[in-house]
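I opened my notebook for a first look at this structure. Here is what I looked up, in the order I went.

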Amino acid sequence: MSFYLLARWLHIASGVVAFVTLWLPLVARKGGALHRRVGWAYVGAMISAAISALAISGWRFVQAPGEQPMDLFFIYIAVLSAASASMGVRVIRTKARTGASTHPLDVGLSTLLLCMGLFTEAYGLRMGVPLLWGFAPVGILSGLTGLWYWMRPPQDRMHWWFQHMAAMVASGIGTITAALVVNARHVGIEGLQLAIFLGPTVVGVVGLNLWTRYYRQRFARKAAPGPASVPWAGAAARR
């Protein structure tokens, strides 16, 4: 079996596992055993899919950069999904930090994602490929957000929770978008239907905002002092 076929089958298998395991952590109890185990399966599958995608599309794009715009899209999606999933793991492991993080993996992945997004945006505008310039801001925003997060001390107690959610949603957006683009022709979608391919981005961003608002309110209620912890409240209740 040739290297290309091996990478292709590895990519297909990893992509299927990533797409299937993406959904369960969203609904499973956060921090529970099922959430962690399936989450690890997703991260591993996503990294494997990204490496195989880089091997397949990277070589073709280098050979003919002006003729293979979709190969750049798959390279970009691979970097977006894998880097975001890796960041989702890193924020959990470094949740106890009290200062900025200059770890090469933290700053490096966010910088790579930012640069990849900027390059994809510029290439898409120059080549007139709406899917590239329309989707590139996801990586640009994710890269900037990552650098802003790592290069400052934590701003609130549950900083890691919200950054973990944001990173995994960004990775999920990349996974779903890649699946749509690859399989569009099999379900009767001809050409690059930008509205359809940007659908996961719109749904993901709106869902993340609602999710973040819900958990901020929930954590605020838990952190609020109850009557028992306020001396004057207890005295007033006894009157």
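Predicted model: local features only at pLDDT ≥ 70, side-chain atom pairs only at ≥ 80, totals over all residues.

I started with helix 9 and noted that Pro200, Thr201, Gly204, Leu208, Thr212, Tyr215 and Phe219 are buried in it; buried means under 20% relative accessible area, exposed over 50%, and partly exposed in between, with a 1.4 Å probe and protein chains only. Helices are DSSP runs of H or I with at least four residues, numbered from the N terminus. Residues are numbered from 1 along each chain as its sequence is written, and side-chain values use heavy atoms, with hydrogens and water left out.

Next I checked the length of helix 9: its 25 residues reach 36 Å from first C-alpha to last, close to the expected 36 Å. That expected span is 1.5 Å times one less than the number of residues.

I then picked threonine 201, which sits in helix 9 (residues 199–223). Its relative accessible area is 14%, so it counts as buried. Leaving out residues up to four places away in sequence, Thr201 touches Phe135, Val138 and Ile173; contact means heavy atoms within 4.5 Å.

Which residues have the most contacts inside the largest nonpolar core? I found Phe73, Phe135, Trp161 and Phe162, in a core of 36 residues. A nonpolar core is a set of buried Ala, Val, Leu, Ile, Met, Phe, Trp, Tyr and Cys residues joined through side-chain atoms within 4.5 Å. Helix 4 (69–93), helix 5 (104–127), helix 6 (130–150), helix 7 and helix 9 each supply at least two residues of this core. Apart from it lies another core of ten residues, including Tyr42, Ala45, Ala49 and Val89.

I followed tryptophan 161 too: neighbours within four places in sequence aside, it is in contact with Lys30, Tyr215 and Phe219.

My next stop was glutamine 163, in helix 7 (residues 159–183). Is it buried or exposed? Glutamine 163 is buried, because its relative accessible area is 11%. Not counting residues up to four places away in sequence, it touches Met87, Val91, Thr145 and Tyr149. I also noted that the C-alpha atoms of glutamine 163 and tyrosine 149 are separated by 8.0 Å, with the two residues 14 apart along the chain.
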